[in-house]
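Hi everyone, thanks for coming. I'd like to walk you through one model today, so let me put it up on the screen.

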Amino acid sequence: MTLLTVEKLCVSIGGASILDQVSFDVAPGEILGLIGESGSGKSVTALSIMGLPPQGAKTKGSIKLAGEDILTARERRLCQLRGQAMGMVFQEPMTALNPLLPIGAQVAETILVHERVSKAEALERASQTLARVGLPPATFPLSRYPHELSGGQRQRVGIAIAIAMRPKLLIADEPTTALDVTTQAQVLDLLKGLVDELQMGMVMITHDLAVISTMAKRLAVMQSGRIVETAATEELLRKRRHPYSEALFAASTHKVELPPPPAAQRTLLEARDVLCAYPLPRQGMLTPRRALRAVDGVTFTLARGERLGLVGESGCGKSTLSRALLGLEPLQSGSIMLNGAPVRPNAADTQWRRTIQAVFQDPYGGFNPRWRVRSLISEPFHLLEEPPSGAAREDAVVDALTAVGLCAADADKYIHEFSGGQRQRIAIARALIIQPELILFDEAVSALDVSVRAQILDLLAELCRKRALSYLFISHDLAVVRSVTDRVMVMQAGKIVEQGATEQVFSAPQHECTRNLLASAPKLQIKNSAFQ
Amino acid sequence: MIRYLLGRLASLIISLIVASLVIFFVIEIIPGDPAAYMLGVGAQPDTLAALRAELGLDVSKPERYLRWVSGMLQGDFGISYTYRSPVSEMILERMWVSLPLALYALILSTLIAFPAGIYAASRRGKTGDFAVMGLSQLGVAIPNFWFAMLLVLAFAINLRLFASGGFPGWDKGFWVGMHALTLPAISLALPQAAILARIMRSALIDMLGEDFVRTARAKGLSRAQALRRHALRNALIPVLTIIGLQFSFLLAGAIVIEKVFYLPGLGRLIFQSISSRDLIVVESTVMLLVFVVIMVNFAVDIAYAAIDPRLRRRR
Amino acid sequence: MKAPTSLIVGGVISGVVLTAAACSLVWTPYDVKLLDVAQKLRPPSLAHWLGVDHFGRDILSMLMLGAQTSIAVALLAVGVGVAAGAPLGLWAAARRGGVADELIMRGNDLVFAFPSLVIAILITAVFGPGAINAIIAIGIFNIPVFARLSRGAALTLWRRDFILAARVAGKSSFRISWEHILPNILNLLIVQGTIQFSLGVLAEAALSYIGLGAQPPTASWGRMLADAQTLVSLAPHVALAPGLTIVLTVLGLNLLGDGLRDLLDPRLKAARG
């Protein structure tokens, strides 16, 4: 018996087709993974099942929950079904909870809308539900507010809200994407346990094959509004019928062929006992201000030609360290020497600045929307005493663009004419144009879809083959760091807890933190990647 | 919570000090001697000196500032140059017209704006929304004193439901006073209500797009329930800011409206004092207006803390 | 790209008012210095489209001259607000969290405690009434409006990666504010400028009405309403014409502002494709 049957679901907004003939079903106690890249229509599918399609959307086909059609149900009936028969967990735990209400009231509300029970009873049941999702009332009283909880704890509250009425169907839209790997592992375990215990059917939506392959019994692969392939996870791990699924799997397990590291050379970057601290708000009127040591005594060196990685969870201090290395953050103590010159947060100091450039995370916020690509990528020329002009400048722009796989004509375009992957190429071109000795990649591929990410990493390897590139690659993603670095450092709570040759650290981790990170990271094991 | 309040209180005190300094020095740069002005040409030097001493004009400027401020702290606003009566009494008398008028208008404007804004937001993109937004667009554009003139024309001169001006005083009874303030309050309130309704609507629409409202909908709350229980309280934060700002507009607007309705409020006192160069009255009245505005904004800050748990982190 | 309806309607109304004001510099239907007492308080007719006031002046001519005052005062007040407010806001954002930021923001709060009318009262007490007085009073009040707007918008931009990239390229915060921040907040300033312009028209009318603004013989809409007040039951057109002119002008400017916002909002632009 199936719980949820989606048949030939079509959704269009203003004439543009968002979903095209989407069909799948879910049985009680089963987890179906819905996987695809951004813009493939995963979230619209989820919201349509909840009876909350985007405003102005036209729907066709049918969505049957235990035999009842969601698409034709009246709004009153849908309100009864939502929360009671089906619950939903959202991606962003930071914004999915009402900041003004305590968590107990938010969970109890699910019960109060559907049952005529007293407030006290609803709160009592809310506290049981919260205890079930790992927030026992003894340590997490119902009166806590969302801002007093961490991201993982908030996501647990989100799950408690969704399952408070023990619904038959749970929809989880990227439930762990915003979480760190170790938290992600815990939340995934929780969801799996709840599905078994309550015999719920679950649709889990994600872009991460590794995450879903450990969770779902069956997978449906989505591409631009269509489901291109549905199969049991085991089967799909062995062979893919559709070229898109094959490409997706290939990109997810993509191995970058990095050229061998050059022989040991002189030191390029040297950080010694770097300390960056922020004052915290006072606890009381008279207690002294305490400081958050975001970067707490970090010491490392990077040799010329070396490709160094830095991994750690969010809040470990890696972004603060990266800003300190770029001279954007004052140091409380310690020193950073770049090519023998001290790094200081002083804009006028161009001497050392021209030896380091950076590529940042956000492909959409990374460029001034009002400038042409030519001006965008030649901005670092500001650092040179005698920047090239005229034809020499144009040549440098074209060189940089072709080096990253774009063409000369792109120099005249504005940034909105490019896709996310192309934008990161332009960001790399901007970093390359003054041929700095060191490039800092700060989560440079984290916002990209897997297939685009694979291309950018390949570009990086190609650049390494062509020029003597030294870089520091900062990321929370262990697999990415593993593929593009020779040496790696692991950061936790402002300190570097382990460093060594990448393969060695990943195969024989010494520190507890590294071991935890590695154990939590979901692994994708493709048995046979032959395309049929 | 206490930390937050102490912080706001400190900034309140600093604001008051700076405001009083600004007002004092602006008034002080005025050339001319009030005592000479009062006695007219041909006054005897010794009478002039006596009057200067009586008015406290014979000491240095810093000392006069300190006397003015410490006097105000004790409720003594000095002596009016023209009426020779205590300024505090004059202000208090007028305050009983202006402040009730501003409050009356604030309540009216809120009572109109909240339902209108909520209604428009919940009917977003539909006829009801367009109707409310069109009306509010018009309301924002109408000068309140002209609207007041139209109200007088319609309700006082033609329908004879209200008096066209004047104030009988509160001693004739609360409702008599309120009746006299009704037309002024409506004319003050409507344009402000139009602004507030627009802010309410856009704040609500912003909140309706937030993730937590989607969470609420996924729980099984209807659109109206999600709006009432989740969006509304969050939307109050920007709306409160505007209400605080509006109070100062209403207080200032009351000065204009008093002229239309011949109300014996602070506005008339200020205009009389300006024309008779009675600067001590202008100085103190302006300070009082600024004081009320700053206090209202302080009250808004406290209201924030009551609404938003993120501000009362440490309990 | 389709222009929003409000932009067209607002643009046309604002254009008409602007043209009338410009036209009155060289020509008005009647000379308002000549007082034709025989005609006084005549209702609208073919000869006098909007009627005649209590001195026998043609109301349409008075309104055209009044538009000059309104536009000049409101425009200069917006100019004062932008010229002082935007740099202050940009400076505060560039020094976010620092002493300059704190001082500028506290200063803003302080100015907000003085409603423009109170500023006008203070200035009048010192210098006496006049149009300049109105410009200063409204202008001072506009400064914190633009400072806050610029600071808020600039702060979100300072968090963007392209500003980081510019800093990595060694640019000073002054240069970044000028090259990167200002062009990106210009839209917001233009939209807010139209809104403050309309508020300025309203404020000028109110100040003139209570006698703190433009003084006779300068024509002013608020002044006309003050004169009309006692005559409202006798000759309603004397009060209706200036009032409706103000409403229409402010409405037009607000619609123009709304339309500009829709047109310039990048989010809406993306949705329109």
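Let's start with Ala396 of chain A, which sits in helix α13, residues 390-403 of that chain. Keep in mind as we go that this is a predicted model. Is Ala396(A) buried or exposed? Its relative accessibility is 18%, and buried means under 20%, so Ala396(A) counts as buried. And what is Ala396(A) in contact with, once we set aside its neighbours within four places in sequence? The answer is Phe381(A) and Ile433(A).

Now for the salt bridges. As a reminder, side chains of opposite charge can pair when their charged atoms come close. Over all chains, a search of the whole structure turns up 44 salt bridges. I've picked a few to show you.

Staying in chain A, please find Arg374(A) and Asp412(A). Their salt bridge has its closest N and O atoms 2.9 Å apart. Arg374(A) lies in helix α12 (residues 373-377) and Asp412(A) in the loop between α13 and α14 (420-432), so this pair ties together parts of chain A that are 38 residues apart in sequence. Here Arg374(A) is partly exposed, with a relative accessible area of 25%. Asp412(A) counts as partly exposed too, at 41% relative accessibility.

Over to chain C, where Glu102(C) and Arg106(C) meet in a salt bridge at 3.2 Å, N to O. Where do these two lie? Both are in helix α3, residues 99-112 of chain C, and they are 4 residues apart, about one turn of the helix. Glu102(C) is partly exposed, at a relative accessible area of 44%, and Arg106(C) is partly exposed at 33%. There is also a network to look at: salt bridges that share partners join Glu379(A), Lys171(C), Arg175(C) and Glu179(C).

Last stop, the interface of chain B and chain A. On the chain B side, 27 residues are in contact with 31 residues of chain A. The area buried between these two chains is about 2700 Å², and carbon and sulfur atoms give 56% of that. How many salt bridges cross this interface? The rule finds 3. One to zoom in on joins the side chains of Lys219(B) and Glu109(A), at 2.7 Å, N to O. As for polar contacts between chain B and chain A, the count is 12 residue pairs, with both residues at pLDDT 80 or more.

Which elements of chain B give two or more residues to the side that touches chain A? They are α1 (2-28), α9 (211-219) and α10 (223-261). By type, the residues on that side of chain B divide into 14 charged, 7 nonpolar and 6 polar.

That's my tour, thank you, and I'm happy to go back to any of these views.

Terms used: Residues are numbered from 1 along each chain as its sequence is written. Chains are lettered from A and ligands numbered from 1 in the order in which they are written. This is a predicted model: local features need pLDDT of at least 70, side-chain atom pairs count only at pLDDT 80 or more; totals for chains, interfaces and linings use all residues. Side-chain values use heavy atoms; hydrogens and water are left out. Contact means heavy atoms within 4.5 Å. Buried area is the accessible area (1.4 Å probe) that two parts lose on being put together, summed over both. A salt bridge is a side-chain nitrogen of Lys or Arg within 4 Å of a carboxyl oxygen of Asp or Glu. A polar contact is a pair of N or O atoms within 3.5 Å; within protein, one must be able to donate a hydrogen and the other to accept it, and residues adjacent in sequence count only if both atoms are side-chain atoms. Ala, Val, Leu, Ile, Met, Phe, Trp, Tyr, Cys and Pro count as nonpolar, Asp, Glu, Lys and Arg as charged, and the others, Gly among them, as polar. Buried means under 20% relative accessible area, exposed over 50%, partly exposed in between (1.4 Å probe, protein chains only).
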